[in-house]
Amino acid sequence: MDSSINPVNIETKAGGIQKADIGWMLICSGLVFIMVPAVGLIYSGLSGKSSGLRGMWLPLMTAALVTVEWYLWGYAITFTDPNNIFWGSRSTDGVALTRVQTAKSGNLNGPKIPELVFALYQGMFAAFSASLVSGAAIGKGRSLSFLIFISLWSTFVYNPVARWTWSFNGWSYHMGALDFAGGTAVHITSGTTAAVFALFCRFLRRNEPRPHIEAQNVINIAFGTALLSFGWLGFNGGSTLAVNVRSVSACMATILAGSFGGFTWCISDYIFSTSEDGRRRFSICSFCNGIVSGLVAVTPAAGFIPVRTAPIFGIVGSFFGILFWAICRVILNNLWPGPPAPGDGRMSSINREADVGQRGTANGDTQGIALTNVGCPVGDGINGNAIGVVDAEREDIVREVDGSSIEVKKDELDIFVLHAVVGFVGMILTGIFASTEAAGLDRHTIIKGGWLDYNWKQVAYQLADAISGFIYAAVLSLLILCLMETFSRFQLLSFLSPVEKVDDSVRGKVDDEVDIAESHDQSNA
């Protein structure tokens, strides 16, 4: 929701509830919910064969759990009692949605919607944010431990940040920061938490090498990204809490930013990356990465900027995504050596050529589909196994169990780059391009604009909000993880032996403990 919205039960002189607004918000709530299985498809496609089911199940389970948390106390923490800056009401208001059904909520000066509709829409935001974090946990440890972690995270990280961003008396809202649909509350917090989770697990396994593994299903990645883009229209378009010209402008900005982002990342990958045989290929995963980076970058700005500036968000978001992806690869490769390959540590050009058809790239002459070094633009030359969309790059760790070599999947910092870094960039760009004219398309939202409207302070406000969200999410997430590690029942790492490992994907079952890859040769299959 944009910073002009008062999600607390306050009556104003502006008119009553419009049925069209209720219908629009219900549709947008459904669109945001669709983003959860879309993320599951992407994670499933990026996971190895033994974790494909977990990649789909964990985001859905996470969303369901956070929905329960939102119903019981999450909404009360985030949007009740406007007199408290950081936490919600100390009474039972909002607990289990008490006294929510008949109240009104909405823009301070504009039309209202039932608060129950607002609670539904915001609940989808909370569920989606948590599902993004789940990508860092797939193949890393016990699912039960992660579900406990995400429950605590939603309560002590997401809810307070969402409160200071969108609640009428939140300190960021009161300061004047602009976050239309969750640049900080959704993307910076989830991306930062995913990075902390990934690095924490890496630290626990710091003495172990990490061999290469490939995504199992590029079609899932592409379809998931398409579904995610579709849902993003409700994510941004519904944040006006009404159906009006500003909603249309936000949807158009969303489409333009995603399209320009996908084009920028894909072309950059084509220009600057070449395979060992010297040929250039288009990468569908790079295209998907670019789409997501453009969508994330425009999220805090969609309802505040003129449509003509939306392409800038897609292009700049993709540029910084590419840049920081490469930087993260260099840093991580220095901290943890790259994967040894069977034989001499590298796939031969013959093996790579044989992999064409299973990868996510296509020859410049549009013949063939491929997927080995997909998704890492420019980063191909830095780490030849970079794969990732929206969330996680899967890599394996070789462990010896009863003399047998097995693999345990891990992920890189792709969630951090595509959500936290690009979300941060989007917040800064919002401070530059926010426009009083664009925000006023609904005829009742009033802002001072951004840098181009001579409101120089706006960039500083955006920086303060984004940096605060980053630090708060990182510190609290680390504290929760450290606290859980002190209790043996809640520890993250637990491994199944090869004898215990059973492929239950056909029966639709998922082990509580970490999945184990079939064999090290999977990366060359």
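**A buried loop residue and its surroundings**

Modeller: Start with Ser167, which is buried at a relative accessible area of 1%. Buried means under 20%, exposed over 50% and partly exposed in between, with a 1.4 Å probe and protein chains only. Ser167 sits in the loop that joins α4 (143-166) to α5 (171-175). Thr78 lies 89 residues away along the chain, yet the C-alpha atoms of Ser167 and Thr78 are 7.1 Å apart.

A word on ground rules. This is a predicted model, with local features needing pLDDT of at least 70, side-chain atom pairs pLDDT 80 or more, and totals for chains, interfaces and linings using all residues. Residues are numbered from 1 along each chain as its sequence is written, and side-chain values use heavy atoms, leaving out hydrogens and water.

Now the aromatic residues. One cluster is formed by Tyr121, Phe125, Phe128, Trp166, Trp232 and Phe235. Rings of Phe, Tyr and Trp (its six-membered ring) pair if their centres lie within 6.5 Å; planes under 30 degrees apart are stacked, over 60 edge-to-face, the rest tilted. The count by this rule is 27 aromatic pairs. Take Phe128 and Phe235: their ring centres are 5.5 Å apart and their planes stand at 70°, so the pair is edge-to-face. This pair joins distant parts of the chain, with Phe128 in helix α3 (residues 115-134) and Phe235 in helix α7 (residues 218-237), 107 residues apart. Phe128 is buried, at 0% relative accessibility. Phe235 is buried too, at 0%.

Next, helix α6, residues 183-204. Of its 22 residues, 19 are buried, so the rest of the structure largely encloses α6. From first C-alpha to last, α6 reaches 30 Å, close to the 32 Å expected at 1.5 Å a residue. That expected span is 1.5 Å times one less than the number of residues.

On to charge. The structure holds 1 salt bridge, meaning a side-chain nitrogen of Lys or Arg within 4 Å of a carboxyl oxygen of Asp or Glu. Arg246 and Asp442 make it, at 3.2 Å from N to O. The two are 196 residues apart: Arg246 is in helix α8 (residues 245-272), and Asp442 is in the loop between α13 (436-439) and α14 (457-485). Arg246 and Asp442 are both buried.

His444 is also found in the loop between α13 and α14. His444 is buried, with a relative accessible area of 12%. Leaving out residues up to four places away in sequence, His444 touches Asn107, Asn109, Gly110 and Pro111. Contact here means heavy atoms within 4.5 Å.

Now the whole chain. The protein chain has 14 helices and 8 strands. These are DSSP runs numbered from the N terminus: helices are H or I, at least four residues, and strands are E, at least two. Of the 525 residues, 59% are buried. Among contacts with a separation of 6 or more, 78% join residues 24 or more positions apart.

Finally, confidence. pLDDT is the predictor's confidence in each residue, from 0 to 100. The chain averages 77, and 70% of the residues score at least 70. Residues 361-411 stay under 50, though the model gives them 231 contacts beyond four places in sequence. Residues 515-525 are also below 50, with 38 contacts beyond near neighbours in sequence. Where pLDDT is low, the predicted coordinates should not be read in detail.
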